[in-house]
Amino acid sequence: NGNGSGSVNSSPAGITCTSGSCSTNFDYDPFAGVDLLAAASLGSVFGGWGGDCTGNGICNLSMSASRGVTATFISAPYARIGSVNCASLQDAYDKANNGDEIMLVEGVLDSQFSTLTANKNISVVITGGYNSTYSAVSTETIIHGLLQLRAGTVKMMKVKLRPGL
């Protein structure tokens, strides 16, 4: 459910759901139950459970009857300045003030989201590798796009540049 994407798997194994609606006829032990684990895809955040589960942690179900559960995934922004979500690196730069940090989500950003023309007389830091909730830097961001520095200063950390496709 939601405008993001992700997957749901079970422990013990038997459920693997990567899109849309899925079900299983696996015979789970009604006394042991089953745990459902949600994993958001790159660019998405797990928003929580619905139906027979609530919250946003592991969903533990007693399997003494049929169960119906909904996992909600929400699209995460590609870039942020503080708590302000931005649709692209250019959008973030256009909103930036001198001294701001532009945060990029981890993974590979294609030219639609990562092309930048820096044309303001400001200094910004672009930090890549943020996880989808922007709570920590966990890896790096790879930018496929064109970066042009026409004015100001741009410092990049945890960012790899690859020419536009």
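A residue is called buried when its relative accessible area is under 20%, exposed when over 50%, and partly exposed in between, using a 1.4 Å probe and protein chains only. Because its relative accessible area is 18%, valine 159 is buried.

Welcome to this structure, which is a predicted model: local features need pLDDT of at least 70, side-chain atom pairs count only at pLDDT 80 or more, and totals for chains, interfaces and linings use all residues. Residues are numbered from 1 along each chain as its sequence is written, and side-chain values use heavy atoms, with hydrogens and water left out.

**Around valine 159**

Valine 159 lies in strand S16; helices (H or I, at least four residues) and strands (E, at least two) are DSSP runs numbered from the N terminus. Setting aside neighbours within four places in sequence, valine 159 is in contact with Leu104, Ile126, Thr127, Gly128, Thr141 and Ile143, where contact means heavy atoms within 4.5 Å. Valine 159 and glutamate 140 are 19 residues apart in sequence, and their C-alpha atoms are 5.7 Å apart in space.

Threonine 141 belongs to strand S13. It counts as buried because its relative accessibility is 0%. Beyond neighbours within four places in sequence, the contacts of threonine 141 include Leu104, Gly128, Val159 and Lys160.

**Salt bridges**

A salt bridge here is a side-chain nitrogen of Lys or Arg within 4 Å of a carboxyl oxygen of Asp or Glu. By this rule there are 2 salt bridges.

| Pair | N to O distance |
|---|---|
| Lysine 95 and aspartate 91 | 3.3 Å |
| Lysine 160 and glutamate 140 | 3.6 Å |

Lysine 160 counts as partly exposed because its relative accessibility is 40%, and glutamate 140 counts as partly exposed at 27%.

Lysine 95 and aspartate 91 both sit in helix H1 (residues 89–95), 4 residues apart, which is about one turn of the helix. Lysine 95 is partly exposed, with 42% relative accessibility, and aspartate 91 is partly exposed too, with 21%.

**Nonpolar cores**

In soluble globular proteins, nonpolar side chains tend to be buried together. A nonpolar core is a set of buried Ala, Val, Leu, Ile, Met, Phe, Trp, Tyr and Cys residues joined through side-chain atoms within 4.5 Å. The largest one has 21 residues, and those with the most contacts inside it are Leu89, Tyr93, Ile102, Leu104 and Ile126. Two or more residues each come from strand S7 (79–81), H1, strand S9 (101–105), strand S11 (116–118) and S12. S9 gives the most, with 4 residues.

Leaving aside neighbours within four places in sequence, isoleucine 102 is in contact with residues including Ile81, Leu89, Tyr93 and Ile126. Apart from this core lies another, of 13 residues, among them Ile15, Leu36, Cys53 and Ala71.
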